[in-house]
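Hi,

Here is the structure I promised to pass on. Have a look at it first, and then read my notes below.

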2 protein chains.
Amino acid sequence: MDAAAVIKALGALAQEHRLAAFRLLVQVGEEGLPAGVIGEKLGVVSSSMSFHLAALANAGLVTQRRQSRLIFYSADYTAMNSLMGYLTENCCGGIACIDNVSCCPAQTGAAGSDAEKDVA
Amino acid sequence: MDAAAVIKALGALAQEHRLAAFRLLVQVGEEGLPAGVIGEKLGVVSSSMSFHLAALANAGLVTQRRQSRLIFYSADYTAMNSLMGYLTENCCGGIACIDNVSCCPAQTGAAGSDAEKDVA
DNA sequence: TCCATAATTCGATAAACGTGGAAATATGGA
DNA sequence: TCCATATTTCCACGTTTATCGAATTATGGA
């Protein structure tokens, strides 16, 4: 993950509704939620929500998949992992004191525990 | 660290020159660097640099101290620690798979594991 | 085909951001 | 006191953001 991607990701999370949406998606796990449900839970009108979800997707933090009439958004744990990796390496002294920083969905044993080091 | 502070911190880091400045300050350690040196290293004119450093300070990510005519800026590792803690807890599934996320200057075994859960 | 639902795109608007030159504010030395 | 240096503050200026209503684009059912 290079600096430009990191800035994009940080910028995507640096907004009330987007941070809330991302947190929500992290909580619900792999399956994700339809755009409408996210907007409803957050009290954001659909066009605004769409704008924010597009920003998160553009930053690579969420993925979308259509299921009939609904478009489900899911948190991309790998991207969040990379972001955490970059911050740890570049904005935290980097050395020693960090044992293991890994970002994975709840308990789903998915994508986790090995801290895939694709950092810049 | 509450959501508002997190958004402020993320927003502060989500900018090319500010991210570069913060990384630089993390590298040099506790002592920090004078505003002028930072601007020079980054190729940013003083008024702009001042603007960005103020943003980082306002977000609590850096501290400033005057030393004669120079104003030294230093990375605030505790703040970065809190930010990492929030992201780990709220944007990473939170549970298990994270062993230890700590942000400290070089080897200084600084604080960690506080993660104050004042989430919304 | 026609209609309803889900979501996005478009348009306008107000606010915030990033930039750099110029002026103002410390601080220290001659 | 006067001057030089370091930094910040002020002031435009143009760009990007966030918002929300309205129009548009999928999708599926009757």
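DNA strand C has 21 residues around it, and A:G36, A:S50, A:Y73, B:R18 and B:H52 come nearest (a residue counts as near a molecule or strand if one of its heavy atoms lies within 4 Å of it). Before you read on: this is a predicted model, where local features need pLDDT of at least 70 and side-chain atom pairs count only at pLDDT 80 or more, while totals for chains, interfaces and linings use all residues. Residues are numbered from 1 along each chain as its sequence is written, chains are lettered from A and ligands numbered from 1 in the order in which they are written, and side-chain values use heavy atoms, with hydrogens and water left out.

Of its atoms within 4 Å of the protein, 70% belong to sugar or phosphate, and bases make up the rest. I listed some polar contacts here (pairs of N or O atoms within 3.5 Å; within protein, one must be able to donate a hydrogen and the other to accept it, and residues adjacent in sequence count only if both atoms are side-chain atoms):

- The side chain of B:H52 has an N or O atom 2.4 Å from a phosphate oxygen of DNA strand C.
- A:A35 uses a backbone N or O atom, 3.3 Å from a phosphate oxygen of DNA strand C.
- For A:R69, a side-chain N or O atom is 3.4 Å from a sugar or linking oxygen of DNA strand C.

Both protein chains take part: helix 3 (35-42), helix 4 and strand 3 of chain A, plus helix 2 (16-28) and helix 4 of chain B, each give two or more residues to this surface. (Helices, H or I and at least four residues, and strands, E and at least two, are DSSP runs numbered from the N terminus.) Helix 4 of chain B has the largest share, 4 residues. By type, the surface near DNA strand C divides into 7 nonpolar, 10 polar and 4 charged residues; Ala, Val, Leu, Ile, Met, Phe, Trp, Tyr, Cys and Pro count as nonpolar, Asp, Glu, Lys and Arg as charged, and the others, Gly among them, as polar.

Now for DNA strand D. It is surrounded by 22 residues, the closest being A:R18, A:H52, B:G36, B:S50 and B:Y73. Sugar and phosphate make up 70% of the atoms of DNA strand D that come within 4 Å of the protein. Phosphate oxygens of DNA strand D lie 2.2 Å from a side-chain N or O atom of B:Y73, 2.8 Å from one of B:S50 and 3.3 Å from a polar side-chain atom of A:H17. Helix 4 of chain A gives the most to the surface near DNA strand D, with 4 residues. That surface has 7 nonpolar, 11 polar and 4 charged residues.

Next, the sheets. In chain A, 3 strands form an open sheet in the order 1-3-2, with antiparallel pairing (two strands pair if DSSP finds at least two bridges between them). Strand 1 (33-34) and strand 2 (62-67) of chain A are at the edges with a single partner strand each, so one side of each has no neighbour in the sheet. Strands 1 and 3 of chain A pair over 2 bridges, and A:P34 has A:F72 as its bridge partner in strand 3. Strands 2 and 3 of chain A are joined by 6 bridges, with A:Q64 opposite A:Y73. Their hairpin has 2 residues between the strands, and A:S68 takes a positive phi near 60°.

Chain B also has an open sheet of 3 strands in the order 1-3-2, with antiparallel pairing. There, 6 bridges join strand 2 (residues 62-67) to strand 3 (residues 70-75). B:Q64 stands opposite B:Y73, and B:V62 has B:A75 as its bridge partner.

Which residues have the most contacts inside the largest nonpolar core? They are A:L61, A:M80, B:L61 and B:M80, in a core of 68 residues. (A nonpolar core is a set of buried Ala, Val, Leu, Ile, Met, Phe, Trp, Tyr and Cys residues joined through side-chain atoms within 4.5 Å; buried means under 20% relative accessible area, exposed over 50%, partly exposed in between, with a 1.4 Å probe and protein chains only.) Leaving aside neighbours within four places in sequence, B:L61 is in contact (heavy atoms within 4.5 Å) with residues including B:F22, B:L56 and B:M80.

One more residue to look at is A:C91, in helix 5 (residues 77-91) of chain A. A:C91 is buried, with a relative accessible area of 0%. Not counting residues up to four places away in sequence, A:C91 touches A:Y86 and several residues of chain B, among them B:L19, B:F22 and B:C103.

Cheers
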